[in-house]
Structure formats: structure tokens, C-alpha cells
Amino acid sequence: MDRSIALRGLGTLVLCAAAAGCASVAPVPYSEMASSAYMAPNRADASGRVPYRYSTPVDWRAYNKVILDPVVLYRGKDHQFGDMSDRDKATLAAYMQNSFAERLRGRFAMVRERGPNTLRIRLTLTGAVTNTPVLGTLSRFDLAGAVYNGVQAARDGEGTMTGSVVYGVEIFDATTSRLLSAYVTKQYPAAYEIKASVGALAAATAGLDKGADALMAQLN
């Protein structure tokens, strides 16, 4: 097949995928998350990454220890895993646990028991989308894909045919069990992060790293 024809075909496919949202998901206030009744639309977030949030005034610097609960794999009917295999879900949950723990250790002492000056954080993995094999990477080099992804990169938007991850975060005062903050979020790599387009779960794991960084920015 002539290369120019193939590229034009890919360009058309990219544009169609972009227009259709290409397996994109949008977080919801998941009905079986304990904090869902407290969350409200987050009008301060224009990006759509954190569409629902609950927050209280908190001096985060008053806390120097943290309990990180094991990641919860969400089983509610409003989950957004699609037809993802249980094996891939478990892989993402394990990666999430390690990614968030690594970053939290840079700011907090990791503990297992409740006590003063201690946070408890519960992470709930509620959905994910895998990369589209081959085309996700090629769309970064095809002319039409490059234009679309260039626009998305400038606005910190989602690239074409790459995956994403959605999850909930609930933060408690460990001593009183009072809910201090909660939100649901969608995370994905930068539109031109080529490495994150290679491998089915690469974009989702890159999104988890970004989400862990975002949590630390809140707690610092």
C-alpha cells in the first residue's frame, strides 16, 4: 500500500476517533464510594480532571504521618473499566499502591496505627482505558493526528487513542476518622508523551504517577 494513502487513512481514523471521544470516560460521583454523598461539582476545575470534590479547611502541615490503606478495586455498577480483565485491574491497583506510597514517603512517615498528626488515605480505582495498540503511537506522527494532539498538548488535554485512569481519593484524620477531603479524578499522560502510548497500560500508569504528584501538591 502506498505510504501516503496509509497515512491519510490513519489521519481520517484519528479525526474520527477524536470526534467520537475514542473510548473516553468521564468520572462520576461513584455511588458506592462512602464519600460520594459529600461530593459536589468542582466549579474551580476547568480542566475536567477533578470534576467532583469535597473539601474542608485543613492545615496539612499539621500532619506528619500517614496510613495508606490498600487500594480498593471498585465493584459498583457504575464502574468504568469496560471489559478490562481482572488481571489488568490488579496490575493497575498494585502500581497505584506503590506509586502513591513512594511519593507519600517523601513527606510523611508511613505508619500502620492511628495516632495524633496522622492522616489516613483511601484510594479507590474506579475505571481505566487501555491504549489502542499501534495506532495510539502512530497518531502522534500522522499529520492529522499531530495537529490534533498538538492542540491537546497546548491545553493539557487528552491525546488520541491513548488510555487513562479514573479513581477516587478520600483523606481522613486518622484519630477522629473525620473526612477532610475527597475527590474523583481522571488522569492521563501528556498528549505527546510517546512512551506512555506504548503498551496497553502505559497511559494509565503514567496517569497514576501524575495523580500521585497532584495529591502531594495538595498535601504540601
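Ser177 counts as partly exposed, with a relative accessibility of 33%, where partly exposed lies between buried (under 20% relative accessible area) and exposed (over 50%), computed with a 1.4 Å probe on protein chains only. This is a predicted model, in which local features need pLDDT of at least 70 and side-chain atom pairs count only at pLDDT 80 or more, while totals for chains, interfaces and linings use all residues. Residues are numbered from 1 along each chain as its sequence is written, and side-chain values use heavy atoms, with hydrogens and water left out.

Ser177 is found in the loop between β7 and β8, and Asn117 has its place in the loop between β5 (109-110) and β6; helices (H or I, at least four residues) and strands (E, at least two) are DSSP runs, numbered from the N terminus. Each of these residues has a positive phi although it is not glycine.

| Residue | Phi | Relative accessible area |
|---|---|---|
| Ser177 | near 65° | 33% |
| Asn117 | near 60° | 40% |

Helix α5 (residues 202-219) has 18 residues and should span 26 Å at 1.5 Å a residue, which agrees with the 26 Å between its end C-alpha atoms; the expected span is 1.5 Å times one less than the number of residues. Among its buried residues are Ala202, Gly207, Leu208, Leu215 and Leu219. The buried residues of α5 pack against α2 (86-105), β6 (118-129), β7 (164-173) and β8 (179-187), where contact means heavy atoms within 4.5 Å.

Two packed helices are described by the angle between their axes and the distance between the axes. For α2 and α5 the angle is about 30° and the axes are 9 Å apart, the axes being lines fitted to C-alpha atoms, for helices over the stretch in contact, with angles that run from 0 to 180 degrees between N-to-C directions. The residues of this contact divide into 11 nonpolar, 3 polar and 3 charged, where Ala, Val, Leu, Ile, Met, Phe, Trp, Tyr, Cys and Pro count as nonpolar, Asp, Glu, Lys and Arg as charged, and the others, Gly among them, as polar. On the α2 side they include Leu92, Phe100 and Arg103, and on the α5 side they include Leu208, Asp209 and Met216.

Trp60, in the loop between β2 (52-55) and β3 (65-68), is buried, with a relative accessible area of 12%. Although Trp60 and Leu219 are 159 residues apart in sequence, their C-alpha atoms are 5.6 Å apart in space. Not counting residues up to four places away in sequence, Trp60 touches Leu219 and also, among others, Gln218, Arg107 and Ile171.
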